[in-house]
Amino acid sequence: MLPISEKTIRSSFVNASRKEVTGLTLPADLDALDWEALDFLGWRDPKTTRRSYAVVPTLEGDLVGVLFRQAEASPRARTQCSWCQDVTLPNDVVFSATKRSGKAGRNGNTVGTLVCQDFECSRNVRRPVPPAYEGFDVEAARLRRIEDLQLRAASFVTEL
């Protein structure tokens with residue numbers, strides 16, 4: 001992912017009011033982020049519990065910002081993130097819902113997904129996978145996981 005500015009982040013949101021966009025708390029130091037190791041920018045709002053944000057590049061290169069609200073109830077069993085689909089998750093996965101954009105969102109229509117609580121997906125897919133068989137190309141599998149994460153995240157935001 002290419003570095004993005006605060007102004008670009010704020011202008012990318014498709015399902016938040018101007019008041020919500022103005023009041024959102026951005027990550028502490030955008031310049032310190034390792035942008036090459038990110039497939040999307042995701043963070044939790046430290047001021048508002050159960051609120052998080054993600055800015056995801058689409059396949060066309062546009063940025064789509066999404067405001068999520070985490071469900072109050074936690075899943076009963078260990079769940080798998082819909083975006084990174086990592087089976088050895090070192091973190092919690094939560095159900096997060098978001099309003100659809102435009103008229104559908106104003107009418108109360110929402111869509112939800114199971115996603116890593118602190119958006120560790122980019123880090124999860126970059127971990128080397130254990131070889132499945134002799135001659136297994138670990139690096140090719142890692143690259144395929146990165147591409148799959150990018151496709152799944154982009155697909156989610158284009159459905160808004």
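A residue counts as buried when its relative accessible area is under 20%, and as exposed when that area is over 50%, with partly exposed in between. The model discussed here is predicted.

Q: Why is threonine 25 called buried?
A: The relative accessibility of threonine 25 is 17%, and the limit for a buried residue is under 20%; threonine 25 therefore counts as buried. Threonine 25 is placed in the loop between helix 2 (18-23) and strand 1 (41-44).

Q: What makes the pair threonine 25 and aspartate 45 a polar contact?
A: The side chains of threonine 25 and aspartate 45 are joined at 3.5 Å, and the definition asks for N or O atoms within 3.5 Å, one able to donate a hydrogen and the other to accept it. Leaving aside residues up to four places away in sequence, threonine 25 touches Trp43, Asp45, Pro46, Lys47 and Tyr53.

Q: Why is arginine 50 called partly exposed?
A: The relative accessible area of arginine 50 is 33%. Arginine 50 lies in the loop between strand 1 and strand 2 and has a positive phi of about 65° although it is not a glycine.

Q: What makes glutamine 85 partly exposed?
A: Glutamine 85 has 40% relative accessibility and for that reason counts as partly exposed. Glutamine 85 belongs to the loop between strand 3 and strand 4; its phi, near 50°, is a positive value in a residue other than glycine.

Q: Why is strand 3 said to be largely enclosed by the rest of the structure?
A: Strand 3 spans residues 63-70, and six of its eight residues are buried, so the strand is largely enclosed.

Q: How do you know that strand 2 and strand 3 pair?
A: Two strands pair if at least two bridges are found between them, and strand 2 (residues 51-57) and strand 3 have seven, in the antiparallel sense. Valine 55 has glycine 65 in strand 3 as its bridge partner. The two strands form a hairpin with five residues between them, and glycine 61 in the turn has a positive phi of about 100°.

Q: How do you know that strand 3 and strand 4 pair?
A: Strand 3 and strand 4 (residues 93-99) share two bridges in the antiparallel sense, and at least two are required. Glutamine 70 stands opposite serine 96 in strand 4.

Q: What lines the largest cavity?
A: The lining consists of Gln70, Ala71, Ala73, Ser74, Pro75, Val94 and Phe95. By class, this lining has five nonpolar, two polar and no charged residues. The space in the largest cavity is about 30 Å³.

Q: What makes up the lining of the largest pocket?
A: The pocket is lined by 13 residues, with Gln85, Asp86, Val87, Val129 and Arg145 nearest its centre. Five are nonpolar, three polar and five charged. Helix 5 (residues 138-158) gives the largest share, three residues.

Notes:
Residues numbered from 1 in each chain as written. Predicted model: local features only at pLDDT ≥ 70, side-chain atom pairs only at ≥ 80, totals over all residues. Heavy atoms only, no water. Buried < 20%, exposed > 50% of the residue type's maximum accessible area, 1.4 Å probe, protein only. Helix = DSSP H or I, 4+ residues; strand = E, 2+ residues; numbered from the N terminus. Contact = heavy atoms within 4.5 Å. 1 Å grid on protein atoms, 1.4 Å probe; cavity = no way out; pocket = protein on both sides within 12 Å on 5 of 7 lines; lining within 4 Å. Points joined across faces, edges and corners; volume = space filled by probe spheres on them. Nonpolar A, V, L, I, M, F, W, Y, C, P; charged D, E, K, R; others polar.
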